[in-house]
Amino acid sequence: MNKRLEKKPLFYAVSGVKNSGKTTLITKLLPVLTGRGLKVATIKHDGHDFQTDVPGTDTFAHFQAGAYGTVVFSDHKFMVVKKQPEEAQADLILLEGFKDSGYPKMEPIRGANSSDCVCRGHNLRAVVTDLAPGAVKGLPEGVPVFGLEDVESIAEFILKDLFPLSGNTKEII
C-alpha cells in the first residue's frame, strides 16, 4: 500500500442543495475509485432523524455501489455499516453533504433543481453540472466545471487534487 495512505484516510465532500445529485455522483464515483485500488467509505449527514440502512436510502446505495463502509448521522443518533476489515481501513472517505465544512469539495448543480453555487468560499474545488459554466450563478472564478456524466474526469480531478505530486492517478495504491 502507498505509504501516504497508511497513516489516515483522506476526505472529499460532495456538497450541494437537496436533490442536486450528490448521491448519484457518489454512486457513480465509487466504482471508478475502487477500480483504481482505493478502499472508499462514505459518510452522509442526515438533517432529519434517519431509519437504519434499508434499500432505497442514500447510504444503502453507497454501500451497494462499492463503498467499503458508510456512516449516517443526525442530531440524535448515528449508524456505521462497514465490511469487516481484512487489513487496512478506508483510504478515501467521500462525505455527502457538509457544504459549510472546510473539507475539499465539489458541488453538483442540476439545472432542473437549481442554478446557484452554494458552496463558494467553503473550499470548493469543482462544480459538476448540466448547465453551461456561465449559467451557474455565484461560480467562483477559476473553479473548474465538469459535466454530470464525466465521471472518469471527475475521479481523475479528485485524485490529482488529493495527490498533486503523483504522476499516475490510474492506480494510486
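Which residues in H2 meet Val-151, Glu-152, Ile-154, Ala-155, Ile-158 and Leu-159 in H4? Select Leu-25, Lys-28, Leu-29, Val-32 and Leu-33; contact means heavy atoms within 4.5 Å. The model is predicted: local features need pLDDT of at least 70, side-chain atom pairs count only at pLDDT 80 or more, and totals for chains, interfaces and linings use all residues. Residues are numbered from 1 along each chain as its sequence is written, and side-chain values use heavy atoms, without hydrogens and water.

Next, show H2 (residues 22–35) and H4 (residues 151–162) whole: their axes come within 9 Å and cross at roughly 70 degrees. Axes are lines fitted to C-alpha atoms, for helices over the stretch in contact, with angles from 0 to 180 degrees between N-to-C directions. Helices (H or I, at least four residues) and strands (E, at least two) are DSSP runs, numbered from the N terminus.

Now select the strands. Eight of them form an open sheet with mixed pairing, in the order E4-E3-E2-E5-E1-E6-E7-E8; two strands pair if DSSP finds at least two bridges between them. E7 (residues 124–129) pairs with E8 in the parallel sense over three bridges, and Thr-129 stands opposite Gly-147 in E8.

Bring the helices back. H2 lies across E1, E2, E5, E6 and E7, at about 170 degrees to E5. H4 lies across E1, E5, E6, E7 and E8, at about 140 degrees to E1.
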